[in-house]
Amino acid sequence: MRRIVTASTLAAVGLLSLTACTGSDDTSHRQPGPRAALRLGQGAGTAGAEGRGTVQITPDTVVYIDRTRFGTPERGLFAVVTFKAMNRGKAAVKTTAASGVFRWKTPGGHTVKQGEGKGAGKIAPIGFSEGGPTVRPDTYQAETVAFDITTAERGGTLVYVDGDGVAFCWKVPSTSSGPAVPALRSALQ
């Protein structure tokens, strides 16, 4: 019998650690332990909510912006990240993305929750927020996640915790980067 442990369950009992990723690309040790941080544009096969199904999560663009049409950041800067959620299965899969499982780990080690702050939770740029957490079979959808950070906290690590409680990490550049920068910046203003 497979036991399903959700990220919210782990967080509730204090067992969810955001130190599950390293900056190392060392793959010589094939034992459980910290995962190497991926780069923007690299996908990760993640478990759906409550461990049901699999969704490929691929963050590909970050835009740093000090004001948007959705509001201004409390801490000085928004880091808005686009990601694609792809379902190659035959049934719809619900991701954990709407459950607040994205985090921004700053270069100094501080952790910022997605949507934290009065403006970050309101960011939903047209063309980048397509369908919520449920991804239909054989499709992908674009989504965004926003963080209210300080200027010094640029260039952090994006952390996503899947439905099995596994943390996946992406190293984020300290400047706006990725294929959708112009379009995302325009949709934010």
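Glu153 and Arg75 are joined by a salt bridge between their side chains, with an N to O distance of 3.0 Å. Because Glu153 sits in the loop between β11 and β12 (157–161) while Arg75 sits in the loop between β5 and β6, this pair ties together parts that are 78 residues apart in sequence. The model is a predicted one, and a search of the whole structure finds 3 salt bridges in it.

**The pair Glu153 and Arg75**

- Glu153 has a relative accessibility of 9%, and it counts as buried because buried means under 20%.
- Arg75, its partner in the salt bridge, counts as partly exposed at 32% relative accessibility.

**The pair Asp60 and Lys84**

- A salt bridge also forms between Asp60 and Lys84, whose closest N and O atoms are 3.6 Å apart.
- Asp60 counts as buried at 14% relative accessibility, whereas Lys84 is partly exposed, with a relative accessible area of 34%.

**The pair Glu50 and Arg52**

- The side chains of Glu50 and Arg52 form a salt bridge as well, at 3.1 Å from N to O.
- Glu50 counts as partly exposed, its relative accessibility being 40%, while Arg52 reaches 55% and counts as exposed because the cut-off for that class is over 50%.

**The sheet that holds β5 and β6**

- Four strands make up an open sheet in the order β4-β5-β6-β11, and their pairing is antiparallel.
- The edges of this sheet are formed by β4 (44–47) and β11 (139–149), each of which pairs on one side only.
- On average, and with direction ignored, neighbouring strands of the sheet are turned by 35° against each other.
- Between β4 and strand β5 (residues 54–65) the antiparallel pairing runs over 4 bridges, and Thr46 stands opposite Val55 in β5.
- Helix α2 (residues 181–188) packs on the sheet, where it touches β5, β6 (77–87) and β11, and the direction of the helix makes about 70° with that of β5.

Definitions and conventions: Residues are numbered from 1 along each chain as its sequence is written. This is a predicted model: local features need pLDDT of at least 70, side-chain atom pairs count only at pLDDT 80 or more; totals for chains, interfaces and linings use all residues. Side-chain values use heavy atoms; hydrogens and water are left out. Two strands pair if DSSP finds at least two bridges between them. Helices (H or I, at least four residues) and strands (E, at least two) are DSSP runs, numbered from the N terminus. Axes are lines fitted to C-alpha atoms, for helices over the stretch in contact, and angles run from 0 to 180 degrees between N-to-C directions. Contact means heavy atoms within 4.5 Å. A salt bridge is a side-chain nitrogen of Lys or Arg within 4 Å of a carboxyl oxygen of Asp or Glu. Buried means under 20% relative accessible area, exposed over 50%, partly exposed in between (1.4 Å probe, protein chains only).
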